[in-house]
Amino acid sequence: MSRIHTSGRTANSRIIKAAKRIVTLLISLLLVAAVAVVGTFEFYKFQGKKTALPDVSQNSNYMEIIEYNGKKYKYNENIFSVAFLGVDREEFLSADETDFVGASDAMMVITVDIKTGEAKVIALPRDIMVEMDTFIDGTDEIQNEEVHQLYLAYSYGDGGELSCQNAVDTISRVLYYVTIQKYYALDLSGIAALNDSIGGVVLKSKYDFPKYGIKTGDVITLKGDMAESYVRSRDTDTITASLDRLDRQVQYVESFFSQVAPAVMTDFSKISQLYNVGSQYSQTNLSLSDITYLASVLMSKGTLNFETYTIQGEMKSYEDETLEDTVHAAFYPDEDSVMQTVLDVFYTRIG
């Protein structure tokens, strides 16, 4: 009997030791995985810091010092900026595949002060009248400069880098030639995928959507096609339709960011997940390293929201015989509003 009892204890001991080895192995694997994730994050952050730092040396048009209304301002070289372009097209096509490569119906400039972590957004009305470059078909040779609505700057290009850069250059022209380092052009059909990747976006509706049974003032969770409809829909028979839609776009971006920021604070792999989802619907010169670095700046400073600026001005209607049933709008920005916005976002007061 004693031998049987001893044998049982030995077997139990072996089982316990084996279990301990398995647990130890699992913990080791988890630690290795965690170190790998952290290492990847640190690598991207390091790479991003080298490439995402502001560089204004190539911009010969911006004003380093501005005196305005009796005050003196200096350009803040810690500001990193990205032009966000919401491109209205089912898919990105090049100029040799289509006669119309699309237009940027949503335009915002997102800035991060890499020293303080302060984040700001400038919302730009799509119908701002501004001088822009047009190109000889199929080339990057400038044909002439014409005054059009801002959203058309993207269409004067190749549907790729030239379109994006022309939009960025035109936005910079509106904002007194401030430096905009990067661009992120998102096909608006990709909104649904990004929206659903964070489980939907909660907000108070600023628009009636009978199709979804939504009324103005309803608190809703946008999912799938609802998200795309919310940021794209507008009444083409109302002169302020594009401004009303811009207001909803700003609201959506604010709500999206307010939900993403806490998630990234607890799981920074969310950055690469969102980047990978967005890459299926976007054109950009903003790398994963850039985004990781900027996210690390925001996380280190505890930035969970941003301040929004909208260019003020006057909207006027005009006739267009090609589309008689549509109200055509031209937005003339208030110069003081533009200047004050530029100073608040890109400059530091020094006197």
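**Ground rules.** I worked on a predicted model, where local features need pLDDT of at least 70, side-chain atom pairs count only at pLDDT 80 or more, and totals for chains, interfaces and linings use all residues. Residues are numbered from 1 along each chain as its sequence is written, and side-chain values use heavy atoms, with hydrogens and water left out.

**Helix α6 and helix α7.** I looked up α6 (residues 269-279) and α7 (residues 288-301), which pack at about 140° with axes 10 Å apart. Helices here are DSSP runs of H or I of at least four residues, and strands are runs of E of at least two, numbered from the N terminus. Axes are lines fitted to C-alpha atoms, for helices over the stretch in contact, and angles run from 0 to 180 degrees between N-to-C directions. The pair is therefore oblique (under 35 degrees is roughly parallel, over 145 roughly antiparallel, 65 to 115 roughly perpendicular, the rest oblique). I noted Ile271, Ser272 and Tyr275 of α6 against Leu288, Ile291, Thr292 and Ala295 of α7, contact meaning heavy atoms within 4.5 Å.

**Helix α4 and helix α5.** The axes of α4 (residues 225-232) and α5 (residues 241-266) come within 7 Å and cross at roughly 135°. I recorded this pair, too, as oblique. On the α4 side I listed Ala227, Ser229, Tyr230, Val231 and Arg232; they meet Arg245, Arg248, Gln249, Gln251 and Tyr252 in α5.

**Salt bridges.** I found 8 in the structure, each a side-chain nitrogen of Lys or Arg within 4 Å of a carboxyl oxygen of Asp or Glu.

Arginine 232 pairs with aspartate 88, with the closest N and O atoms 2.2 Å apart. Arginine 232 is in helix α4 and aspartate 88 in the loop between β3 (79-87) and β4 (104-113), so the bridge ties together parts 144 residues apart in sequence. I checked burial: arginine 232 is buried at 18% relative accessibility, and aspartate 88 is partly exposed at 29% (buried is under 20% relative accessible area, exposed over 50%, partly exposed in between, with a 1.4 Å probe and protein chains only).

Arginine 126 and aspartate 105 meet at 3.0 Å, N to O. Arginine 126 is buried at 9%, and aspartate 105 is buried at 9%.

Aspartate 290 bridges to lysine 182 at 3.5 Å. Aspartate 290 is in helix α7 and lysine 182 in strand β8 (residues 182-187), 108 residues apart. Both are buried.

Last entry: bridges with shared partners join Asp105, Arg126, Asp127 and Arg245 into one network.
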